[in-house]
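I opened the notebook to look up ring contacts in this model. My entries follow the order in which I checked things.

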Amino acid sequence: AVDQIVDGTIKAFNRMVVRIADILPIPGLDALGNVAGMIVNYSVTYVDETILSFSLTHKEKNVWENAKTGLVLYAQNWKPILTNAAGLALVNIVATVAFIVIMLIPFGTLAALTSNETLKMVWLFLALAFGYGLKLAIVNPFCLIATIITFKESIEGQEPNSEWEAKLEQASDKFKELKTKAMSHVSSKKKKQSS
């Protein structure tokens with residue numbers, strides 16, 4: 001439940017931040033805006049996992065409050081985190097192509113040696129599947145770790161800023177829901193302690 005709310009909040013915030021193409025009337029900027037949007041959407045997976053890891057590293061029992069704090073800190077530091085995501089998107093694309101090409105060496109050779117069209121398709125499919133599998137096994141964990149490190153370095157010594165919290169509330173109904181859940185968790189905890 002926390003992951004879905006965090007994911008929705010990040011997507012809404014990122015859409016708000018990456019509206020360069022709407023603001024500047026420069027020819028060809030729409031294409032640049034679309035690429036930026038793809039990179040931003042790609043980054044959401046790693047950023048939401050990073051915020052959940054932030055939540056797990058804090059001792060407080062209120063996971064909702066931890067997620068809220070992590071989101072506000074992300075909003076305050078979105079530039080270095082999304083810049084890192086842009087680099088990681090490029091790494092991901094290059095790695096995917098490289099692993100598929102590497103897998104095409106053995107499987108492509110097998111496909112070239114057979115005259116059966118169905119078997120050729122099987123060998124080529126296996127090259128794609130193994131190449132993509134290698135990318136998932138090697139590159140994705142690297143990208144997640146790089147995002148966590150960038151996040152932790154960016155937020156070091158910072159406290160959540162109320163201005164950014166207000167901006168998140170404007171950008172996302174999911175963030176409002178998260179705040180409500182964080183407050184209701186505190187209220188229910190106080191009731192348990194008093195009874």
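I started with the exposure of Trp 123. The model is predicted, and Trp 123 comes out at 22% relative accessibility.

Next I checked Phe 107. Its relative accessibility is 13%, so I put Phe 107 down as buried.

Then I took the two rings together. The centres of Phe 107 and Trp 123 are 6.0 Å apart, with the planes at 25°. I called the pair stacked, because planes under 30 degrees apart count as such. Phe 107 belongs to helix α5 (residues 78-113) and Trp 123 to helix α6. They are 16 residues apart, and the pair links distant parts of the chain.

How many aromatic pairs does the structure hold? I noted 3. One of them is Phe 54 with Phe 151, edge-to-face, at 5.9 Å centre to centre and 80° between the planes. Phe 54 lies in helix α3 (residues 29-56) and Phe 151 in helix α6 (residues 117-155), so this pair ties together parts 97 residues apart in sequence.

Last, I looked for charges over rings. Lys 167 has its charged end over the ring of Trp 164, 4.2 Å from the centre. Over the face of Trp 64 I found Lys 181, at 5.2 Å from the ring centre.

Conventions. Residues numbered from 1 in each chain as written. Predicted model: local features only at pLDDT ≥ 70, side-chain atom pairs only at ≥ 80, totals over all residues. Heavy atoms only, no water. Phe/Tyr/Trp six-rings, centres within 6.5 Å; stacked < 30°, edge-to-face > 60°. Helix = DSSP H or I, 4+ residues; strand = E, 2+ residues; numbered from the N terminus. Buried < 20%, exposed > 50% of the residue type's maximum accessible area, 1.4 Å probe, protein only. Lys NZ or Arg CZ within 6 Å of the ring centre and 35° of its normal.
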